[in-house]
Amino acid sequence: MKNTTLRSSLALLCGAILSACGGSDGSLQIAGSINGYTKTGLQLINNGNGETLDVATGAVNFNFTRQVSVDDNFDVQIKNQPANAKCVATNNQGKANVYNAYSVVITCTNTPRTLGGKVADLTTDGLVVANGSDTIAVPRGATSFVFPRTVGDGSNYGISVLSQPTGQTCTIPAATSTGNITGGDRLDAVTVSCVNTSSGQ
C-alpha cells in the first residue's frame with residue numbers, strides 16, 4: 001500500500017513539474033538566449049523538425065513556435081548568418097526535455113575591422129594617437145598608422161592626438177575625428193596633419 005501511494009505521489013509530482021514547465025508531450029518549446037546580436041538577417045533552424053525562425057535585430061532571446069514532445073530530437077543551427085557578424089550555437093542538440101529545451105545559447109560577434117589613418121608632415125618622434133584606450137606611437141616620417149586592436153563592425157570610433165611630437169603640433173579635423181566603421185576596414189578614417197611649432201621646441 002505504501003509503495004502504491006509513493007508511486008502515485010511521484011507520478012503526480014512529475015506531472016506537476018512537466019505541466020509547470022510546459023513539458024507534457026507536444027508542449028515543449030525550443031527556446032534560448034541570444035548574446036551580442038546587433039545586426040540583421042539572423043535565421044535559425046531546428047533541424048529536428050525543419051522549422052526556421054527569423055530573429056529580430058537586438059533580440060536577447062528566441063522561441064520556436066512549433067512545439068515538440070519529450071524525447072523528440074532537436075538540433076538548432078544557424079541557417080543564415082547576419083550581415084557583418086558571425087553567430088554560433090551552443091547547448092543546441094539533444095532529445096527535448098524540461099531541462100534542455102530552453103537552454104540553447106546563440107552568441108554573435110561582429111566582424112573585426114581594422115582602423116587607421118593617414119599622417120602628413122611628421123618629422124619628429126613623440127606622436128601618439130588614440131582611439132579610446134587603444135593607442136599607437138607613430139614614428140617620424142610615417143605616412144600612415146593602424147591601431148593595434150581591431151574593432152567590431154558597426155562600432156563607433158573617436159580618434160584623437162594623445163601626445164604631440166617634439167617641436168610639432170599635430171591635429172585632426174573635428175569633422176572627421178569620429179565616425180562609424182561598417183562594411184570593411186577603415187585605413188583612412190582620419191588624416192593627422194603636423195606643423196612645426198614657432199618655438200621649435
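## A tour of the salt bridges

Select Arg-186 and Asp-188: they form a salt bridge, with the closest N and O atoms 3.6 Å apart. A salt bridge here is a side-chain nitrogen of Lys or Arg within 4 Å of a carboxyl oxygen of Asp or Glu. Side chains of opposite charge can pair when their charged atoms come close. Arg-186 is partly exposed, at 27% relative accessible area. Asp-188 is partly exposed too, at 48%. The cut-offs are under 20% for buried, over 50% for exposed, and in between for partly exposed (1.4 Å probe, protein chains only).

This is a predicted model: local features need pLDDT of at least 70, side-chain atom pairs count only at pLDDT 80 or more, and totals for chains, interfaces and linings use all residues. Residues are numbered from 1 along each chain as its sequence is written, and side-chain values use heavy atoms, leaving out hydrogens and water.

How many salt bridges does the structure hold? There are four.

Next, select Asp-153 and Lys-39. Their side chains meet in a salt bridge (2.6 Å, N to O). The two sit in distant parts of the chain, 114 residues apart. Buried or exposed, Asp-153 and Lys-39? Both are buried.

Last stop: Asp-125 and Arg-140. Their closest N and O atoms are 3.1 Å apart, in a salt bridge. Each residue lies in a loop between two strands, so the pair ties together parts 15 residues apart in sequence. Strands are DSSP runs of at least two residues, numbered from the N terminus. Asp-125 is partly exposed, at 35% relative accessible area. Arg-140 is exposed, at 53%.

Technical notes: Helix = DSSP H or I, 4+ residues; strand = E, 2+ residues; numbered from the N terminus.
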